[in-house]
Amino acid sequence: MSDNEAQQPAILAGLIAVIRRDLLLSWKRPGDVLNPLFFFAMVCTLFPLAVGPGATQLMFIGPGVLWVAALLATLLSLNSLFVSDFEDGSLEQLLVSPQPLPVLVLGKTIAHWLCSGVPLVLVSPLLAATYRMPTGVIGVMMLTLTLGTVCLSLLGSIGAALTVGLNRGTALLSLLILPLAMPVLLLGANTVSLAADNEMYSTGIWALGAYAVAALSLSPYATAAALRISNE
Amino acid sequence: MGNYGAYVWTCFALALAVLVYSDWSARVRHKRVYRDIEVRIKALEERE
Amino acid sequence: MWTFFHRLASPPHIYRLAAIFAPWLLFPGLVLVAYGTYGGVFVAPTDYQQGDAFRIIYVHVPAAYLSMMAYMIMAVGGGIGLIWRIKLAHTVGAAAAPLGAAFTLLALLTGSIWGRPMWGTWWEWGDPRLTSELILLFLYFGYMALRAAIDDTLKADKACAVLALVGVVNVVIVHYSVEWWSSLHQGQTLLRKGGPAMDPAMLYPLLAMILGFTLIFGALLLRRVRTEVLYRERRTRWVREMIMAGQGGK
């Protein structure tokens with residue numbers, strides 16, 4: 001018991017150290033944060049160009065387009081989650097560290113979410129406004145995107161861990177993660193659509209929240225196991 | 001069968017096709033694996 | 001007890017047993033499918049709503065059922081392989097993947113053909129089952145692509161086991177979320193739920209088809225497991241001796 005209590009601050013310190021390190025690295029390489037964000041904005045620009053600028057059309061497709069674009073942008077950023085650590089050998093240091101690996105992996109995933117999910121959520125109102133989305137609906141959309149990007153980062157970390165060190169990792173990562181991410185997309189985008197139609201939308205929010213909690217508690221173990229397998 | 005005969009029989013034919021293909025591909029793969037091993041072992045024997 | 005299991009699961013043993021058991025599953029399966037086809041197509045009365053198109057159920061439901069069972073086999077096999085480090089469990093999972101994908105494809109095709117006379121379209125996004133099956137097919141593709149991308153068999157086994165376990169949790173979520181989604185859009189479904197009990201003349205052929213398909217699936221799985229065992233054990237002495245003796249069947 002006392003052993004456990006003695007370890008707790010160290011575990012938390014390890015978690016925070018990993019998050020700080022990854023955030024610092026992102027700060028030094030802003031491209032990793034900005035590129036998916038530009039990608040997100042560009043995909044959102046493609047749709048009005050493709051389907052026409054009619055206001056009713058845009059309002060109709062807006063939630064879906066924003067959500068699909070957010071999903072693809074997150075996927076794009078996931079590729080680099082473990083790759084650079086794998087290449088410079090620091091991933092092996094994580095694996096042999098006395099800290100529990102799931103905690104360290106959770107730290108990396110949190111840092112990833114802070115660098116990819118949060119900026120997406122912050123930029124999304126601008127793009128949503130161009131789709132004529134009303135203010136109240138924008139709030140709902142930001143909430144679903146917040147929960148949804150948490151789910152996607154956690155889910156994606158499993159895929160990134162499975163494909164780290166493989167050639168052609170990017171295409172494979174998409175193939176692994178997209179089917180897993182479909183429920184998140186479905187819940188998120190439809191919740192926003194329901195809100196836009198002035199209908200009851202709380203079910204989707206609760207479901208996304210439940211998904212996020214479940215992913216938060218389970219996925220670090222799966223990611224840790226996958227990392228150990230990939231680095232055998 | 002009313003007007004639906006074509007749909008129903010197509011489905012049964014597809015089921016048959018999937019079963020036959022699964023069986024056939026399993027046989028082909030087994031033969032290939034077996035022959036590859038055979039060739040390798042024969043080559044090893046000759047070298048010895 | 002454990003030594004018994006170990007001997008049972010030893011590769012040469014499995015290789016021999018699979019060859020012996022496969023016909024015992026295959027032929028009863030074929031008989032059941034023959035009976036089910038006859039009873040389903042010629043004997044069962046016409047459905048009062050769907051007319052004769054409902055007879056597609058006799059291939060659609062077994063295929064859909066097997067598509068999910070194969071995924072369960074992959075996940076359970078992967079779990080057993082990871083926890084108890086039994087190689088055979090991974091082998092079974094690897095062998096089940098292509099079969100599962102084939103049956104998923106069959107379920108999708110027959111569902112789509114069924115939809116044509118019922119809805120007037122080859123594909124109806126509003127049907128939750130078809131949409132779930134489509135996602136399941138993508139999950140199979142991901143699993144097989146991951147296996148193909150990793151050269152080291154042992155590593156591929158473990159990585160695929162993790163993926164299958166994550167996927168099986170996801171299949172449940174997909175099922176419920178797609179159901180919720182289609183209820184928003186007044187989804188239509190081919191199979192009525194909780195309706196009046198089926199006429200026995202309709203039901204028995206269906207049960208025979210499900211059981212028959214499962215037995216045939218079992219036979220095909222055993223054959224694939226056999227090939228997989230042979231491939232994985234290609235550098236061992238027993239394979240060498242067997243092939244030198246010209247035994248083991250091609």
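Of the 154 residues in the largest nonpolar core, the ones touching the most other members are Cys151(A), Ala226(A), Ile56(C), Val162(C) and Leu163(C). Here a nonpolar core is a set of buried Ala, Val, Leu, Ile, Met, Phe, Trp, Tyr and Cys residues joined through C-beta atoms within 7 Å. A residue is buried if 20 or more other C-beta atoms lie within 10 Å of its own, exposed if 12 or fewer, and partly exposed in between, with C-beta atoms placed from the backbone. The element that gives the most to this core is helix α4 (residues 87-119) of chain C, with 18 residues. Helices (H or I, at least four residues) and strands (E, at least two) are DSSP runs, numbered from the N terminus.

Let's look at one member, Leu163(C). Not counting residues up to four places away in sequence, Leu163(C) touches Leu162(A) and Leu176(A) along with Gly142(C), Tyr143(C) and Leu146(C). Two residues are in contact if their C-beta atoms, placed from the backbone, lie within 7 Å.

## About the model

This is a predicted model, in which local features need pLDDT of at least 70 and side-chain atom pairs count only at pLDDT 80 or more, while totals for chains, interfaces and linings use all residues. Residues are numbered from 1 along each chain as its sequence is written, and chains are lettered from A and ligands numbered from 1 in the order in which they are written.

## Chain A

Chain A has nine helices and zero strands. Its 232 residues would give a compact globule a radius of gyration near 17 Å, and the 19 Å of chain A agrees with that. This radius is taken over C-alpha atoms, and the globule rule is 2.2 Å times the number of residues to the power 0.38. The C-alpha trace of chain A spans about 60 × 40 × 30 Å along its principal axes.

Of the 232 residues of chain A, 46% count as buried. Among contacts in chain A with a separation of 6 or more, 80% join residues 24 or more positions apart.

## How the chains meet

Two pairs of chains are in contact, and chains B and C share the most contacts. Chain C brings 32 residues to this contact and chain B brings 23 residues. On the side of chain C that touches chain B, there are 18 nonpolar, five polar and nine charged residues. Ala, Val, Leu, Ile, Met, Phe, Trp, Tyr, Cys and Pro count as nonpolar, Asp, Glu, Lys and Arg as charged, and the others, Gly among them, as polar. Chains A and B do not touch, and their nearest C-alpha atoms are 24 Å apart.

Helix α1 (residues 5-47) of chain B packs with α4(C) at an angle of about 170°, with the axes 10 Å apart. The axes are lines fitted to C-alpha atoms, for helices over the stretch in contact, and angles run from 0 to 180 degrees between N-to-C directions. The angle makes α1(B) roughly antiparallel to α4(C), a label for angles over 145 degrees. Residues that meet here include Tyr7(B), Leu14(B) and Val18(B) from α1(B), and Leu99(C), Leu106(C) and Arg116(C) from α4(C). The residues of this contact divide into 11 nonpolar, three polar and one charged.

## Two arginines in loops

Arg132(A) is not a glycine, yet has a positive phi of about 60°. Arg132(A) sits in the loop between α6 (101-130) and α7 (135-163) of chain A. With 16 other C-beta atoms within 10 Å, Arg132(A) is partly exposed.

Arg85(C) also has a positive phi, near 55°, and lies in the loop between α3 and α4 of chain C. Arg85(C) counts as exposed, with 10 C-beta neighbours inside 10 Å.

Terms used
Parallel < 35°, antiparallel > 145°, perpendicular 65-115°, else oblique.
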